[in-house]
Amino acid sequence: MNVYLLYKDREWAGIKKYYDAKSIVQDLGLKTLYTNAGKDVVFENGSVKNIKDQDAFIYDTMSKVMVAPLVSKDEIVYRQEIIKDCLNNEDFIKQLYTEAGRIMSEWDKLGRKSGYTGRQDLAAWAEKQIHITELFAGGLTVIKGLLKKYRSSFESEGLKALAQRICIEFDDEYEKNIEKLIKDVSFYTKGNEDKDGNVYTYMPKIRFKGKLKAGLKLEDIVLLDVDSESIKYRNPKSTIAKIVEFKNSLTPNSFSSKLTPAIEKQVEAFEQNIVNYAMSFTRSFIEKFSNFFEQLLLQTAFYRGAVNLRHHMKRSGIEYCFPTVCDNKNLSFIELKEFVMCMEQRVNAVGNTCSILNKQLVIITGANQGGKSTFLRSVGIAQVMMQAGLPVAAEDFSSGIFPSLFTHFTRREDSAMNSGRLDEELGRMNSIIENLDDRSLVLLNESFATTTEVDGSIIAYDIIKALNEAGVKILTVTHLLSFAKKMYSESEERSKKGEDSGITFFCAERKPDGQRTFKMIQSVPELTSFGLDLYKQVIGTPKLYDGSED
Amino acid sequence: MGFESILDLKEPVKGLTEPAFFLDLNIDQILEKVTLGNRRVRAYYEYFPLDAECSEYRRHIYRDIRTKGLFEALTKYTDNYTEFRELERKKKETRGDIQKTVWNIYAIKLYTENLLTLYSDLKAASPESEGMTDLLNYLDKTVSSDDFKDKYERAEALSAELDALDVRVTYEKGRISVDVSDAADREKEEDDEDKPSYATYEEFLDFFDKDNEEEFVNPFAKVFELTGFEQEVVKVVSKRIPDWFKRAEKLYDDCSEFEDTCFLRLADELAFYLSFYVFETKMKEIGMEFCEPECDNQKNIEAEGLYDLALAIVNHDKGKIVVSNDFYYDEKDLFFVLTGPNQGGKTTFARSLGQLVYFSMMGLSVAAKKANVHWFSDILTHFSVEESVESGRGKLMEELVRLSPMMKHSRDNAFIVINELFTTAANYDAIIMGKNVLAHFIGKNCHGIYVTHLSELCDTDEHVAGLSAQLDENGIQNFKILRKKVAYEGCAENQIKKYKLDYASLSDRLKGIMNRA
């Protein structure tokens with residue numbers, strides 16, 4: 001049976017991840033997101049009561065699911081709708097996840113990971129099989145009950161379908177029969193039971209027919225009925241037990257199952273074979289639902305994580321929205337926050353509002369500490385969250401779908417001028433290029449900064465121009481001013497001719513008094529960097545040799 | 001008329017030793033596939049027929065098996081016979097007296113039914129071979145005797161009555177109650193009120209998995225003796241049908257030793273034909289050709305589409321096909337002298353010739369499209385031991401030591417296969433020795449083939465015909481053997497061309513490899 005909560009038509013298996021997911025996770029700081037998804041925030045009267053310990057399984061699940069992008073609008077909407085249902089019925093998703101977790105951990109205790117051991121040890125096999133069947137049947141009953149209870153409030157296709165599926169695949173008849181089977185063989189596993197002050201014990205009640213064949217051997221045995229009956233336990237040495245035994249022994253044409261030690265053993269072997277035979281019929285049941293429970297735990301963990309992320313947004317006072325899918329050339333958002341930073345620093349950061357329409361290349365320049373990288377990351381994080389079906393930290397967010405998302409960030413500590421580093425950087429770029437396709441988004445953060453500005457600019461120009469012409473969407477934060485300048489003048493020339501270059505430039509906003517707002521605005525690339533600021537600060541306004549005045 | 005052996009053997013085979021030529025001709029490899037490692041069956045293949053009549057006797061039987069659809073009937077017979085022997089074993093070994101009498105019923109039933117079925121199957125097929133006709137007559141006599149009929153009817157009746165009886169057991173509150181019922185009782189039961197909604201528990205279990213193939217394991221089947229549980233059950237049953245038990249005892253007293261050992265031997269010896277038939281059928285399915293050899297001593301020895309069966313098996317596993325050849329011995333020809341390039345298929349051809357003779361002598365099909373083979377008294381082979389690290393003189397010595405008894409004790413009219421003799425001797429010496437060997441066997445009216453690189457041996461005398469392995473237009477071996485006398489020239493150049501390792505081709509290949517990279 002299928003869970004189908006992450007995808008409409010498939011389970012979580014063999015899903016394609018981002019090509020270099022590791023870099024994306026590192027560059028965008030997604031681990032913080034996973035961690036917080038694993039920690040529920042409990043509110044009381046609108047304020048935070050406490051934050052729960054991290055649920056390692058949710059962390060693990062988010063780390064898998066978030067880097068496996070959805071590839072179509074339908075897929076994204078499918079998850080968004082389920083998340084909406086979960087946010088409206090938080091108790092439901094919590095209970096479902098808890099039940100799935102309980103089943104899996106009980107199953108672990110029964111030796112799930114040791115796999116399906118052979119049938120050499122019949123007794124061990126039968127006992128394990130009975131316990132697992134009982135566990136699964138009980139779990140399914142609970143899950144079915146939960147889904148039935150909340151069914152009327154569901155609006156998502158995914159949850160509605162799951163509720164319907166479980167009612168069909170584990171219908172009442174199945175539930176009844178599996179309960180009967182477990183009861184039939186309970187003489188095998190159940191110990192004595194106290195009831196109304198008496199001790200009861202389960203005894204088998206078996207009827208079969210057979211033929212006497214060559215050598216009078218009993219063959220062609222057909223089981224007619226198997227059952228267990230709860231009988232008042234009596235000490236075999238007690239008088240009353242002896243009387244009952246004597247009375248029974250008067251039954252004509254019969255013998256006691258304990259007549260001789262040999263017969264006692266044969267009866268035991270007979271019971272054993274019956275239980276093994278009966279339980280062999282549950283193999284397909286267990287097979288069918290074992291994958292179901294594994295999937296259910298993982299898939300509900302994702303939605304549980306989504307609810308937790310929403311709680312973290314609420315805690316920091318961040319607005320959220322469910323992103324909409326638009327053309328790949330467009331990207332627009334209102335009050336987009338860098339969510340990872342917000343969670344790490346427990347702040348509600350400055351948001352950005354942009355509408356970048358019909359642009360394939362966004363070049364962001366400007367002074368350090370101006371919020372450039374934050375801006376780039378906020379877009380990257382929102383893109384990844386959107387492509388996981390999650391809500392994002394913005395009042396509105398609209399973007400295309402890019403299953404081939406790449407990040408190429410030069411981290412500060414990497415910035416030493418060192419040809420080995422450049423080699424490595426170019427190698428990384430090369431492997432990105434080899435894996436590009438027509439739905440690619442590349443986020444470059446100070447790429448090629450491991451060499452001189454002149455060399456870096458030349459490399460960046462060649463690569464980015466070629467990628468741009470090939471139709472790859474790029475957002476790049478750069479220090480390489482010659483490169484930015486060159487791109488800008490080319491873009492200007494084309495606009496003079498009335499063409500749209502598809503390139504746009506952003507800068508960190510600076511108030512006339514030099515104060516930074518940490519907002520990004522569309523503008524002519526700043527041709528000066530922090531160095532000039534510094535120069536100006538320390539020595540005085542430097543002369544610019546390109547004919548302009550500062 | 002009595003019946004002795006379907007193989008026309010004077011006495012039953014008792015594990016003979018493998019003839020020396022098996023290894024040289026790779027017949028051991030073929031037989032491994034034919035007998036699937038069964039030593040007892042293999043023994044029949046190691047026993048070479050003593051005369052042409054025996055060979056013919058078998059050939060005709062095998063023809064009946066192939067053409068009259070007797071394979072199924074005979075296989076059924078041998079299988080049932082094995083089962084019958086198992087029942088006899090249990091009957092003899094069991095400790096319980098009641099059990100003995102019941103094993104006996106089933107042993108008689110199986111034995112008599114088996115013979116009756118074989119009889120009717122054989123009769124329906126109307127065999128033509130002497131062997132099968134004799135067998136049919138003998139069976140006719142056996143199954144029509146009054147004694148046989150009496151045994152058969154009594155055993156049938158007793159087993160049918162027991163089969164009709166259901167034993168019903170209820171295990172409840174630690175007690176096991178036993179009841180017996182026949183068809184009439186069963187109808188009554190239909191009305192039982194306390195019954196579950198299903199007729200059998202399996203019907204209930206099928207709800208969960210109707211494709212489950214697991215079957216209930218009968219815990220009593222592990223031993224053939226009655227278990228204590230079964231003994232108690234039998235006690236109740238014997239009280240219910242005492243008459244049946246009396247009759248069973250009577251049948252045991254009347255006949256418990258009834259096996260005619262002639263049928264035992266038949267069941268054993270049939271394995272010879274049946275194993276080969278299975279093998280031949282399998283090989284035909286993968287495209288190999290077989291034929292029944294004509295064995296006309298008046299006509300020349302010849303074959304079309306002859307191939308090395310052992311190589312064909314090996315090649316098939318590797319997905320390669322095997323090259324077949326045609327040949328004929330002229331009226332005056334006694335020996336082939338086969339020369340030609342190395343790796344040209346000389347040894348393979350020589351082996352296929354030896355195999356042809358062997359399988360014809362055994363009365364079986366041969367690996368060719370068409371063949372005529374004479375009767376030979378024996379097959380003698382001499383293959384050089386290639387891996388020998390001994391010095392030249394040592395190797396020559398070793399060859400001569402092996403050759404000597406072969407020459408001295410060979411019967412007249414044997415088939416000789418000699419492969420690369422005297423390679424370490426000087427050519428001058430080797431030619432002389434080779435001619436002597438040829439002359440010796442020709443003198444004994446033997447046929448054979450002599451593989452050598454010395455084409456001079458073709459000139460030994462008028463009874464020798466020269467053959468040679470061929471190269472195609474590119475100088476590559478094509479494994480074809482033609483009647484042609486060719487001097488041996490060496491083939492190092494051909495060999496590197498075959499693998500495209502010469503300068504021109506290798507440079508060309510390398511360009512391709514570089515481009516791809």
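Me: What makes the strands β12, β13, β14, β10, β15 and β16 of chain A an open sheet, and in which order do they stand?

Reply: In this predicted model, the six strands follow one another as β12-β13-β14-β10-β15-β16 in an open sheet of mixed pairing. Strands are DSSP runs of E of at least two residues, and helices are runs of H or I of at least four, numbered from the N terminus. β12 (404–409) and β16 (516–522) of chain A stand at the edges with a single partner strand each, so one side of each is left without a neighbour in the sheet. Residues are numbered from 1 along each chain as its sequence is written, and chains are lettered from A in the order in which they are written. Local features here need pLDDT of at least 70, side-chain atom pairs count only at pLDDT 80 or more, and totals for chains, interfaces and linings use all residues.

Me: How do you know that β10 and β14 of chain A are paired?

Reply: Two strands pair if DSSP finds at least two bridges between them, and four bridges join β10 (residues 361–365) to β14 (residues 473–477) of chain A, which run parallel; Ile364(A) stands opposite Val477(A) in β14(A).

Me: What makes β4(A) and β1 of chain B a pair?

Reply: β4(A) and β1 (residues 166–172) of chain B are joined by six bridges in the antiparallel sense, against the at least two that pairing requires, and Arg207(A) has Thr170(B) as its bridge partner in β1(B).

Me: How many residues does each chain give to the contact?

Reply: Chain A gives 49 residues and chain B gives 52, where contact means C-beta atoms, placed from the backbone, within 7 Å.

Note on methods: Two residues are in contact if their C-beta atoms, placed from the backbone, lie within 7 Å.
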